[in-house]
Amino acid sequence: MGGQGTLTSLHPKLTVGSYWPFSTTIFDYIRRAMPRYQEGSLSVDEVYSLTAFVLYRNEIIKEDDVIDAKSLPKIQMPIAMDSFLRS
């Protein structure tokens with residue numbers, strides 16, 4: 001959590017809220033890597049729930065927002081890839 005606005009500082013904090021440009025990448029990472037030592041064992045609903053939790057804790061979505069296949073790609077992350085590449 002945190003780190004927004006630190007990418008151009010001497011000590012950038014690379015977090016979901018400061019660095020990851022696409023919400024779908026978070027979903028994919030959770031789907032492939034969690035839980036540790038049982039990677040890929042979560043149901044799709046569990047992956048969406050964890051993705052929503054991470055986005056909520058990083059103040060990207062509201063607590064009652066619903067995340068699914070239609071809404072996930074529409075989430076605006078604090079940083080977009082094109083603005084990151086211009087820095």
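Modeller: First, a definition. Helices here are DSSP runs of H or I with at least four residues, strands are runs of E with at least two, and both are numbered from the N terminus. Keep in mind that this is a predicted model.

The protein chain has 3 helices and 0 strands. Along the sequence the pattern reads α-α-α. Of the 87 residues in the protein chain, 26% are buried. Among contacts with a separation of 6 or more, 44% join residues 24 or more positions apart.

The part I pick is the packing of α1 against α2. Two packed helices are described by the angle between their axes and the distance between the axes. Here the axes of α1 and α2 come within 9 Å and cross at roughly 130 degrees. The handedness of the α1 and α2 crossing is right-handed.

Which residues make this contact? From α1 come Ser23, Ile26, Phe27, Ile30 and Arg31. From α2 come Val44, Val47, Tyr48, Leu50, Thr51, Val54 and Leu55. By class, the residues of this contact are 9 nonpolar, 2 polar and 1 charged.

Take Ser23 next. Ser23 sits in helix α1, which spans residues 23-33. Its relative accessible area is 2%, so Ser23 is buried, the cut-off being under 20%. Set aside neighbours within four places in sequence, and Ser23 still contacts Thr51, Leu55, Leu72, Pro73, Ile75 and Met77. Of those, Thr51 and Leu55 also belong to the α2 side of the helix contact.

Now the rings. A pair of aromatic rings is described by the distance of the centres and the angle of the planes. A search of the whole structure finds 1 aromatic pair. Phe27 and Tyr48 form it, with centres 4.6 Å apart and 40 degrees between the planes, a tilted arrangement. The pair links distant parts of the chain: Phe27 belongs to α1, Tyr48 to α2 (residues 44-57), and 21 residues separate them.

Glu46 is placed in helix α2. Glu46 counts as partly exposed, with 41% relative accessibility. Arg32 is exposed, at 57% relative accessible area. Not counting residues up to four places away in sequence, Arg32 touches Glu39 and Gly40. From Arg32 to Leu42 the C-alpha distance is 9.0 Å, and the two are 10 residues apart in sequence.

The loop between α1 and α2 deserves a stop. Pro35 lies in that loop. A cis peptide bond joins Met34 and Pro35, with omega about -10 degrees. Tyr37 is found in the loop as well. Its phi is near 75 degrees, a positive value in a residue other than glycine. Tyr37 is exposed, with a relative accessible area of 68%.

Glu59 has phi near 60 degrees, and Glu59 is not a glycine. Glu59 lies in the loop between α2 and α3, the latter being residues 81-86. At 72% relative accessibility, Glu59 counts as exposed.

Last, go back before α1. Tyr19 is found in that segment. Tyr19 is partly exposed, at 33% relative accessible area. The C-alpha atoms of Tyr19 and Ile79 are separated by 6.5 Å, although the two are 60 residues apart along the chain.

Methods
Residues are numbered from 1 along each chain as its sequence is written. This is a predicted model: local features need pLDDT of at least 70, side-chain atom pairs count only at pLDDT 80 or more; totals for chains, interfaces and linings use all residues. Side-chain values use heavy atoms; hydrogens and water are left out. Buried means under 20% relative accessible area, exposed over 50%, partly exposed in between (1.4 Å probe, protein chains only). Contact means heavy atoms within 4.5 Å. Rings of Phe, Tyr and Trp (its six-membered ring) pair if their centres lie within 6.5 Å; planes under 30 degrees apart count as stacked, over 60 as edge-to-face and the rest as tilted. Axes are lines fitted to C-alpha atoms, for helices over the stretch in contact, and angles run from 0 to 180 degrees between N-to-C directions. A crossing is left-handed if the near helix is turned anticlockwise from the far one by less than a right angle, and right-handed if clockwise. Ala, Val, Leu, Ile, Met, Phe, Trp, Tyr, Cys and Pro count as nonpolar, Asp, Glu, Lys and Arg as charged, and the others, Gly among them, as polar.
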